[in-house]
Amino acid sequence: MIRRRDQIRLSLQKIGLRKKRAVFSIISVALGVIVVVTVNSLMRGVRDLIIRTGYTEEIDQDIIRVSVDHRHDESPSRKRKQFVTDELLAKFRGWKEVEAVAANINVQPLNVDALAESPRASSRGYTTGVPEALIRRYADAKQLAACGNAIPLVLGERFVKLRYNEKTKKFDLEDPARVQAWLGREVTLRVGDPMAQLERFRFDYEKKQWHRLSEEEIAQRRKSIESSESNEFDKLIHGRTLTLKARVVGFCPGTRLLLPEEPARLCAKWLKQRDALARLRPVETETEYERYGRRTPREGEYTMAIVLLKTGTNPEPVVKRLKDMGFEATTRQNAFESFLKEVDAAMKIVKRIAYAFGGVLLLLACGLLWSTTSRIVSDSRVDIGLFRALGATKSDVRRLFLTETVFLGELGTLAGIFLGWTAAYWISRLVLHIAAGEISDPEGMLMIPRTIFAVDWATCALLLAGAAGVSLLAGLWPANRAANIDPVKALKRE
Amino acid sequence: MIQLHNVSVTYRLKSESVEALRNASLGLAEGSFVAIMGPSGSGKTTLIQVIAGLLTPTAGDVIVSGQNLRQLDDRAISEFRNRAIGFVFQFFNLPSYYTALDNVALPLVFAGMSEAERRERARALLDEFGLADRAIHKPEQLSGGEAQRVAIARALVNNPKIILADEPTGNLDRDTGAHVMELLQKINRERGVTILLVTHDEKAAAYAQQTLRIEKGAFA
């Protein structure tokens, strides 16, 4: 019985007889594997990224997102569209499971240059509340130059470590102790209980993922929200009280970085600017939506709200109650899971196409493996006869050639896996590089990872096992032929 | 040592039936050196193949070292060949991708011996045959005589009881052939290995203790 090590060595020597064919076989196997591994690594990477950056935050069961049920628009027989009102917010607040309630007003980042030409179109999505008023004033009065090329806008407060690099047109990370930057980005103003702002997660920009805060940190955040409530910057927007998560700062065109300034001074500046703008033209009560004949939210009405439940409360009864009231209500977890399902379904289609293509390539590779082994068997007739004469059993000879085919298949698979990873890595880098150029929100850019490539070990193991199986199948016939070669005939060359 | 009882080997060549051996019977004692002579196609090589268990006779029994080869399966007969038989071929049959040392050690690979032990035994034999300095040479770098000595060393490496030599001098010049025959004779005398030599060459046959003639598949 040949030792395994010798068997491998003998097999490699046989492969050496047909180096070119062997290389072609390895390449053909690798090609099929590359397709599968590249697509799989990218898909897995995207999924991981979604989970890493979104899921941790979204699993917060205690937050229920409430929104207007848009299906009411489509069917007149349904209940009339119901907005979230201050009265309803008060009602939600009275439920025993609820800790805090707030209505949302979304503010999208704006490109001020584009705004001058087309105020509505350039605002990217709907903009309501304060920015709506400001946009209108700006668009109508074009008085921005007087304000030093800065539009007063409510912005998110972000203590990120960034500095805008003029040369690279990118934001570079800086020492957090020295740089405290203010960025223009999408923010959400919350009208209602300040505690509804309570977030239990923090995004780690280094690791590109969310972390759940410790109890101490959450307690600190509670304190911070409480103290900020007593120190509001502006209570006059739309004539109602707002608890601002964000602070008011000057905002340069093109979502550029702003130098940090003392917040109170900035607020005073903004209030002055706002008053100046308000004097130019008073705010019209009619909203743009009404021009299209749709019922739009008025003052004291909101399309979205957040209901923060007490920790550990089962959200389902509250969700059901809200749905019964005619709202769309979903926990963040449900929303995320349904989103993930959609992503998975899309990925499944892409994967199936890639696997089918890879499968065809592997089938061709299988044929080439068969042909290579057959040729090596033909070339080795005399050696096979000699081996048999020197004591090799039929089974030794069979295993010799099967080892050879499996070796070629596995080598091709390993090469394919490695090259597939490399391809996925560079493709993801390239895609992210292109995507980074399209992102105007600097904080959004920070959230972009270096790569979305991820290693799927299970698929690699499956591919290696599959390659071994397919190679065995491809090598079975030639190996049997080798085992059954008559040593007498093989040695009779004279 | 080797006993053949009414051994016949018949095979078909196209539509014709050819009798390579006809009721051949033979008895060789342990340690004997026998030459088989005969014209081409007389059945000399077939006889060797039958004794080595490479060819199963159509009729009759082949008993080698007390074992009836007909009763052995592939694994047992391969093991028997590996353990009890050494081959020397006319064209040496040394795989070109192996060194002389690896070629000599080849039967030990099929015996499942460790590499260190294989190398030690092969090196000792090459030393004995004056080929120590050729150990790492490939077959194409060896002369005919050296190649055949390597082949003889390979036949001996497993300490077999029988060496089957099929025209070992057929591919060598006269002097080299004589040296090879002297080597075989020495092996027979000093190691007591039974040697069955198939040859056309009367001079080579003269080294044997006994010469048997075979014609049309039967001993004359």
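## Chain A: overall organisation

Among contacts in chain A between residues at least 6 apart in sequence, 78% connect residues at least 24 apart. The model is a predicted one. Chain A contains 15 helices and 13 strands, and 48% of its 494 residues count as buried.

## Chain B: overall organisation

Chain B has 220 residues, 56% of which count as buried. Its secondary structure comes to 7 helices and 10 strands. For contacts in chain B with a separation of 6 or more, residues 24 or more positions apart account for 72%. Chain B exposes about 9,500 Å², with 46% supplied by carbon and sulfur atoms.

## The interface between the chains

Chain B and chain A bury about 2,600 Å² between them, and 56% of this area is on carbon and sulfur atoms. The contact draws 28 residues from chain A and 27 residues from chain B.

Across this interface 4 salt bridges are found. B:Arg118 forms a salt bridge with A:Asp6, with 2.6 Å between the closest N and O atoms. A:Asp6 is also one of the buried residues of helix 1 of chain A.

Helix 1 of chain A has 12 residues and spans 16 Å from its first C-alpha to its last, close to the 16 Å expected at 1.5 Å a residue. Its buried residues are A:Asp6, A:Gln7, A:Leu10, A:Ser11, A:Lys14 and A:Ile15. In an α-helix there are 3.6 residues a turn, so residues three or four places apart point the same way.

A nonpolar patch on the surface is formed by A:Ile8, A:Leu12, A:Phe407 and A:Leu411, which together have about 290 Å² of accessible area. Helix 1 (4–15) and helix 12 (394–438) of chain A each supply at least two residues of this patch. A:Leu411 belongs to helix 12 of chain A; its relative accessibility is 35%, and it therefore counts as partly exposed.

## Buried positions in chain A

A:Ser471 is located in helix 14 (residues 457–483) of chain A. With a relative accessibility of 1%, A:Ser471 counts as buried. Apart from neighbours within four places in sequence, A:Ser471 is in contact with A:Leu369, A:Thr405, A:Val406 and A:Gly409.

A:Arg200 lies in the loop between strand 7 (187–192) and strand 8 (201–204) of chain A. This arginine, A:Arg200, counts as buried because its relative accessibility is 2%, under the 20% limit for burial. The C-alpha atoms of A:Arg200 and A:Leu213 are 5.5 Å apart in space, while the two residues are 13 residues apart in sequence.

## Enclosed helices of chain B

Helix 5 (residues 144–156) of chain B has 13 residues and reaches 18 Å from first to last C-alpha, close to the 18 Å expected at 1.5 Å a residue. Because 11 of these 13 residues are buried, helix 5 of chain B is largely enclosed by the rest of the structure. The buried residues include B:Glu146, B:Gln148 and B:Arg154, as well as B:Val150, B:Ile152 and B:Leu156. The cover over the buried residues of helix 5 includes elements of both chains: helix 11 (381–389) of chain A, together with strand 6 (85–88), helix 3 (100–110), helix 4 (115–128), strand 7 (162–166) and helix 6 (174–191) of chain B.

Helix 1 (residues 44–52) of chain B is also mostly covered, with 8 of its 9 residues buried. Among them are B:Lys44, B:Thr46, B:Leu47 and B:Ile48. The residue that follows helix 1 of chain B is B:Gly53, which has a positive phi near 80 degrees.

Most residues other than glycine have a negative phi. In B:Asn6, phi is positive, near 45 degrees, although the residue is not a glycine. B:Asn6 is in strand 1 (residues 2–13) of chain B and is partly exposed, with a relative accessible area of 44%.

B:Asn93, likewise not a glycine, has a positive phi of about 50 degrees. Its place is in the loop between strand 6 and helix 3 of chain B. B:Asn93 has a relative accessible area of 5% and is therefore buried.

Technical notes
Residues are numbered from 1 along each chain as its sequence is written. Chains are lettered from A and ligands numbered from 1 in the order in which they are written. This is a predicted model: local features need pLDDT of at least 70, side-chain atom pairs count only at pLDDT 80 or more; totals for chains, interfaces and linings use all residues. Side-chain values use heavy atoms; hydrogens and water are left out. Patches are made of residues with over 30% relative accessible area and no salt bridge: like charges are joined within 9 Å, nonpolar side chains (Val, Leu, Ile, Met, Phe, Trp, Tyr) within 5 Å. Accessible areas come from the Shrake-Rupley method with a 1.4 Å probe; for residues, only the protein chains shown count as cover. A salt bridge is a side-chain nitrogen of Lys or Arg within 4 Å of a carboxyl oxygen of Asp or Glu. Helices (H or I, at least four residues) and strands (E, at least two) are DSSP runs, numbered from the N terminus. Buried means under 20% relative accessible area, exposed over 50%, partly exposed in between (1.4 Å probe, protein chains only). The expected span of a helix is 1.5 Å times one less than its number of residues. Contact means heavy atoms within 4.5 Å. Buried area is the accessible area (1.4 Å probe) that two parts lose on being put together, summed over both.
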